Amino acid sequence: MARITAGVTTSHVPAIGAALDNGKSAEPYWAPVFAGYDFSRKWMAEQKPDVVLLVYNDHATAFSLDMVPTFAIGCAAEFRPADEGWGPRPVPVVKGHPELAAHIAQSVIQDDFDLTIVNRMDVDHGLTVPLSLLFGQPEAWPCLVIPIAVNVVLYPPPSGRRCYELGKALRRAVESFDADLDVQVWGTGGMSHQLQGPRAGLINKVFDNDFLERLVNSPEELSRVPHIDYVREAGSEGIELVMWLIMRGALNEQVIERHRFYHVPASNTAVGHLVLENT
Amino acid sequence: MALKKPYQDIPGTTIFDADMARIGYHLNQFCMSLMNARNRERFKADERACLDEWPMTEEQKQAVLDRDYNRMMSLGGNIYFLAKIFSSDGISFQAAASTMTGMTQEEYAQMMINGGRSPDGTPATGKDTAHG
């Protein structure tokens, strides 16, 4: 049977991807950001997951205002890096796992989570920057990826509680798939940031570090934090952090924390990163 | 009965909710059209003519022409859609964000290096560390 072995969370700031793509990762501004992932790239090379369920949000790329699914699952065989206005990132095409994705949709929808099934979709920096941070710059991504897109652009996004429960449903789905697969769940986006209005540039280290701690050690309680607390304390775009709860819901109640990293700033954003293993 | 919107009193912040998405639908879809290189060229050649192809309000069109991002957001624009405009202009996210705060790009970039802005709106000076 397939099993969930580990979870990863990371910010997905587009400027991080641009820094890597343009050979700037050793510059003094960026070096500390990439250094925060040194452990994780080595750990990932040892873990060799077969599939990553990659929870992220689209940033007005694949989904315009014509259609805004709250939760969507990518069921295609491959997903191309999107042209976000300045050409696609020079990264490999993302290969999916259509059989597992279809199984997850079948299972999770019957488990009361109404995922939208997407059979054609380009993926933006929200999905490809985490892959770059964890795998570097390979010729091909070393595992299959099932994109799980969450609306956090058009308010209201799903609640933290709903996200946490979806994580549990994803786990039930994975564990009922009849194939010997190691599966990781990644939650991306965040941490505190606000990209708009006179309050742009918001960073809240206290909120972020508390969130990291509670995500690891008291996720049940953290999942009950209402939207307004995220928006007020972590900024209008800090609400992306609800996606991390999907990752956490898919893991055991008790986890082993392998790595924690926090850094300010990357462009407009606080960078946070966790590597958690199931016990 | 009107739904509660507890986020409306957050200083310096416009939440892009379903009502704003309704008001800003054509403005945001115009922005999406700039994902296409040919449309970007047409827009650069004649901004007014391109905007007139969309059923947007005159206020929305003028805000685009003025590159007044705060105004665009107050009229239903969302930052990820509006990003297509400043990307077409060759301006970075950080530079565009600075225009919404009344700071120069240099001042804004320095504030971020100092630790950003606290939730009450106060920029970090590099000396305080409570939030930044």
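1. Polar contacts across the interface. Between chain A and chain B, 23 residue pairs are in polar contact, both residues being at pLDDT 80 or more. A polar contact is a pair of N or O atoms within 3.5 Å; within protein, one must be able to donate a hydrogen and the other to accept it, and residues adjacent in sequence count only if both atoms are side-chain atoms. By class, the side of chain A that touches chain B has 18 nonpolar, 14 polar and nine charged residues. Here Ala, Val, Leu, Ile, Met, Phe, Trp, Tyr, Cys and Pro count as nonpolar, Asp, Glu, Lys and Arg as charged, and the others, Gly among them, as polar.

2. Basis of the values. This is a predicted model, in which local features need pLDDT of at least 70 and side-chain atom pairs count only at pLDDT 80 or more, while totals for chains, interfaces and linings use all residues. Side-chain values use heavy atoms, with hydrogens and water left out; residues are numbered from 1 along each chain as its sequence is written, and chains are lettered from A in the order in which they are written.

3. Extent of the interface. In chain A, 41 residues are in contact (heavy atoms within 4.5 Å) with 45 residues of chain B. Leu65(A), Tyr155(A) and Arg199(A) supply 17% of the area that chain A buries against chain B, more than any other three residues. The area buried between the two chains is about 3,700 Å², and carbon and sulfur atoms give 60% of this area. Buried area is the accessible area (1.4 Å probe) that two parts lose on being put together, summed over both.

4. Salt bridge and contributing elements. The rule finds one salt bridge across the interface of chain A and chain B: the side chains of Asp9(B) and Arg232(A) meet at 3.2 Å, N to O. The rule asks for a side-chain nitrogen of Lys or Arg within 4 Å of a carboxyl oxygen of Asp or Glu. Helix H7 (205-217), helix H9 (227-234) and strand S9 (255-266) of chain A each supply at least two residues of the side that touches chain B. The largest share, four residues, comes from H9(A).

5. Fold of chain A. Chain A has 10 helices and 10 strands. Helices (H or I, at least four residues) and strands (E, at least two) are DSSP runs, numbered from the N terminus. Among contacts in chain A between residues at least 6 apart in sequence, 81% join residues at least 24 apart.

6. Cis peptide bonds. The bond from Tyr155(A) to Pro156(A) is cis, with omega near 5°. Pro156(A) is found in the loop between strand S7 (144-150) and helix H6 (160-175) of chain A. Another cis peptide bond joins Val264(A) and Pro265(A), with omega about -10°; Pro265(A) lies in strand S9 of chain A.

7. Positive phi. Lys48(A), not a glycine, has phi near 45°. Its place is the loop between helix H3 (38-47) and strand S2 (51-56) of chain A, and Lys48(A) is exposed, with a relative accessible area of 60%. Ala60(A) also has a positive phi, of about 55°, but at 3% relative accessibility Ala60(A) counts as buried. Buried means under 20% relative accessible area, exposed over 50%, partly exposed in between (1.4 Å probe, protein chains only).
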